[in-house]
Amino acid sequence: MATLADLLSDLAGGRVEVLDLTAPLSDRTPTIQLPPPFANTNGFALERISNYDEAGPAWYWNNIVAGEHVGTHFDAPVHWVTGKDGLDVSRVPAGQLVGPVVVIDKSAECAANPDYLLEIADVEAWTREHGPLPTGGWVIFRTGWDARADDQAAFLNANETGPHTPGMSVECARWMAQQPILGVGVETVGTDAGAAHSFDPPFPCHSFLLGAGKYGLTQLANVAKLPTTGAILIAAPLPIVGGSGSPARVLALVQR
Ligand code: MN
């Protein structure tokens with residue numbers, strides 16, 4: 001039991017920090033907007049049941065309304081047609097909800113170009129400096145986009161040509177899906193670039209990664225506080241039976 005006792009001691013002593021990578025959930029949480037003819041998701045909302053009133057004199061509680069893909073959330077393989085025979089979110093093994101995480105930081109490039117696409121060469125340059133991508137772990141593509149998370153318009157960054165947010169090239173998504181990773185995490189509204197509706201195939205990160213049984217994590221916060229390597233990610237979606245994804249609490253254990 002020494003390992004867990006040491007962990008508790010390190011947590012109590014501040015040698016391991018619990019970092020919250022989850023954006024707060026409210027009716028102001030930015031939510032993806034698809035163009036017609038596609039159907040859109042509900043955003044997040046609270047519906048009051050009672051608030052120490054005649055409907056419940058001593059208790060306060062709400063119903064929650066939300067799509068599966070609202071706020072910081074987990075994409076399961078069945079979210080995409082390429083993964084339709086894969087796992088729904090309730091069937092993701094618990095052991096895969098805890099794993100190593102690395103950060104590929106392109107926030108400076110994305111500040112200069114909101115349509116920045118991560119390329120295979122970027123990842124290979126990263127691995128030359130920092131080592132291999134984590135087997136059974138997450139790759140977080142840091143774009144700095146969480147700075148826009150309290151403003152739906154800035155977060156979606158859409159104009160007459162559609163949304164302009166960073167993502168991954170088709171080639172990089174195809175390659176990433178062949179790596180021994182759990183999945184890819186991002187700060188943007190989805191794992192794909194805003195312009196990925198126009199790619200071939202469309203939405204390549206969803207198409208290749210979910211099709212390969214990997215996962216997505218979106219709308220992460222506080223990624224700037226994560227070390228490049230060495231942290232442990234805990235991604236906890238709700239086990240919605242048959243669900244394509246779920247809002248998730250995402251935490252990281254970081255050695256300080
Ligand atoms: Mn999603």
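Buried means under 20% relative accessible area, exposed over 50%, and partly exposed in between, with a 1.4 Å probe and protein chains only. The model is predicted: local features need pLDDT of at least 70, side-chain atom pairs count only at pLDDT 80 or more, and totals for chains, interfaces and linings use all residues. Numbering runs from 1 along each chain as its sequence is written, and side-chain values use heavy atoms, with hydrogens and water left out.

**Stop 1**

Show Cys-205 with Cys-172: Cys-205 is in no disulfide, and its nearest cysteine sulfur, that of Cys-172, is 8.1 Å away. Cys-172 is in no disulfide either. Cys-172 counts as buried because its relative accessibility is 0%.

**Stop 2: helix α6**

Now select residues 204-211, helix α6. Helices are DSSP runs of H or I with at least four residues, strands are runs of E with at least two, and both are numbered from the N terminus. Six of the eight α6 residues are buried, so the helix is largely enclosed by the rest of the structure. Color them: Pro-204, Cys-205, His-206, Ser-207, Leu-209 and Leu-210.

Then step just past α6 to Gly-213, which takes a positive phi of about 80°.

**Stop 3: the manganese ion**

Center on the manganese ion. Its protein donors are His-69 (ND1), His-73 (NE2) and Asp-75 (OD), 2.1 to 2.3 Å from the ion. Donors are N, O and S atoms within 2.8 Å of the metal (3.2 Å for Na, K and Ca); water is not among the atoms, so sites may look incomplete. Along the chain, the donor spacing reads H-x3-H-x1-D. His-69 and His-73 are both buried.

**Stop 4: a nonpolar patch**

Switch to a surface view. Select Leu-46, Tyr-52, Tyr-60 and Ile-64, which make a nonpolar surface patch of about 460 Å². Patch residues have over 30% relative accessible area and no salt bridge; like charges are joined within 9 Å, nonpolar side chains (Val, Leu, Ile, Met, Phe, Trp, Tyr) within 5 Å. A salt bridge is a side-chain nitrogen of Lys or Arg within 4 Å of a carboxyl oxygen of Asp or Glu. Accessible areas come from the Shrake-Rupley method with a 1.4 Å probe; for residues, only the protein chains shown count as cover.

Strands β2 (45-53) and β3 (56-65) each supply at least two patch residues. End on Ile-64, in strand β3. Is Ile-64 buried or exposed? Exposed, because its relative accessibility is 58%.

How values were computed
Disulfide = S-S within 2.5 Å.
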